[in-house]
Amino acid sequence: MDGIGDRFQQDTKYDPQKMPGHMLDWAAKPDLYKEYPQAEKIELPEFEPSKAMSLDKTLRQRKSIRDFQDRPVSMGQLAYLLWASTGIQRVEDGYEFRTAPSAGALYPIETYVVANNVKILEPGAYHYAIKSHQLELLQQRDLRRQIAAAALGQGMCATAAVVFIWTAVFERCKWKYGQRAYRYIYLDAGHIAENLALSAVSLNLGTCEIGALYDDQINAIIGTDGVEESAICMTAVGVP
Ligand SMILES: Cc1cc2nc3c(=O)[nH]c(=O)nc-3n(C[C@H](O)[C@H](O)[C@H](O)COP(=O)(O)O)c2cc1C
């Protein structure tokens, strides 16, 4: 029991005798939305799946797809996948809630995409601006080689039409939960990834979640510092 993971699991247990009693510092609550004010903005089209697939069918069909055809996804499909995985879905009492649940509604996960083959969209790395439902351009270039190399050489990242990258802005969740936040951050990312997997199946697209990655090589592609915000996992998406 001396590994860091073992200690983490023990040290972050909730115990009725030792519950943290601190008050939340509302003035220090981190912003729940990241924005790149200087970045070029790309509007995402409205998109409704033309023929909604039943949840039962999507659950039966979902499996990891690692072989993709050399065919693009459309901007409409990408727009739907971004919204379905983590978009704003309702406003209650002035708070914006999203398609995936989040511990304390603190939404620590940010979404980026590496577009390899998306109709109209130039290849490159983009950030998903959740509030405005736009893409923000980070770098415009073919990143197939870099993204595959950063996934321990997994070639599906080069042949996928698009690779979703999820990072965590740790302080958003640590502000309330301290070190226990790390449990919730990984759970939050898993919920978002499954939303993406199922919504992709509903569009007859395939996905494979990717946990094997060189964290700081992914951070370098999207420009995150790896400390305040760092890569958590990715999903390759394409036409099966
Ligand atoms: C957190 C996580 C990380 C994963 N990482 C990878 C990966 O790096 N490469 C890969 O080929 N598959 C990866 N997978 C996919 C699993 O291998 C796959 O889900 C599992 O074999 C079950 O198969 P299925 O998804 O087809 O049902 C990952 C899945 C999860 C949930």
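## Glu110 in strand β4

In this predicted model, Glu110 is buried, with a relative accessible area of 2%, and the strand that carries Glu110 is β4. Setting aside neighbours within four places in sequence, Glu110 is in contact with Leu32, Tyr33 and Lys34, with His127 and Tyr128, with Ile165, Trp166, Thr167 and Val169, and with Arg172 and Glu229. Glu110 and Ala129 are separated by 19 residues in sequence, and their C-alpha atoms lie 8.8 Å apart in space.

## Helix α6

Arg172, one of the contacts of Glu110, is also among the buried residues of α6, which include Phe170, Cys173, Trp175 and Tyr177 as well. The elements covering these buried residues include β4, β7, α7 and β9. After α6 comes Gly178, which has a positive phi, near 60 degrees.

In soluble globular proteins, nonpolar side chains tend to be buried together. The largest nonpolar core here has 50 residues, and the members that touch the most other members are Leu78, Leu121, Leu135 and Phe164. At least two residues of this core come from each of α3, β4 (109-115), β5 (124-129), β6 (134-139), β7 (162-169), α6 (170-177), α7 and β9 (229-238), and the largest share, 8 residues, is supplied by α7.

## Packing of α3 against α7

Two packed helices are described by the angle between their axes and the distance between the axes. For α3 (residues 75-86) and α7 (residues 181-202), the angle is about 140 degrees and the axes are 8 Å apart; the two helices are therefore oblique to each other, since angles count as roughly antiparallel only over 145 degrees. The crossing of α3 and α7 is right-handed.

On the α3 side the contact is made by Tyr80, Leu81, Ala84, Ser85 and Thr86, and on the α7 side by Ile192, Asn195, Leu196, Ser199, Ala200 and Ser202. Sorted by class, the residues of this contact are 6 nonpolar and 5 polar, with no charged residues.

Methods. Residues numbered from 1 in each chain as written. Predicted model: local features only at pLDDT ≥ 70, side-chain atom pairs only at ≥ 80, totals over all residues. Heavy atoms only, no water. Axes fitted to C-alpha atoms, helices over the stretch in contact; angles between N-to-C directions. Helix = DSSP H or I, 4+ residues; strand = E, 2+ residues; numbered from the N terminus. Parallel < 35°, antiparallel > 145°, perpendicular 65-115°, else oblique. Left-handed = near helix turned anticlockwise from the far one by under 90°. Contact = heavy atoms within 4.5 Å. Nonpolar A, V, L, I, M, F, W, Y, C, P; charged D, E, K, R; others polar. Core = buried A, V, L, I, M, F, W, Y, C linked by side-chain atoms within 4.5 Å. Buried < 20%, exposed > 50% of the residue type's maximum accessible area, 1.4 Å probe, protein only.
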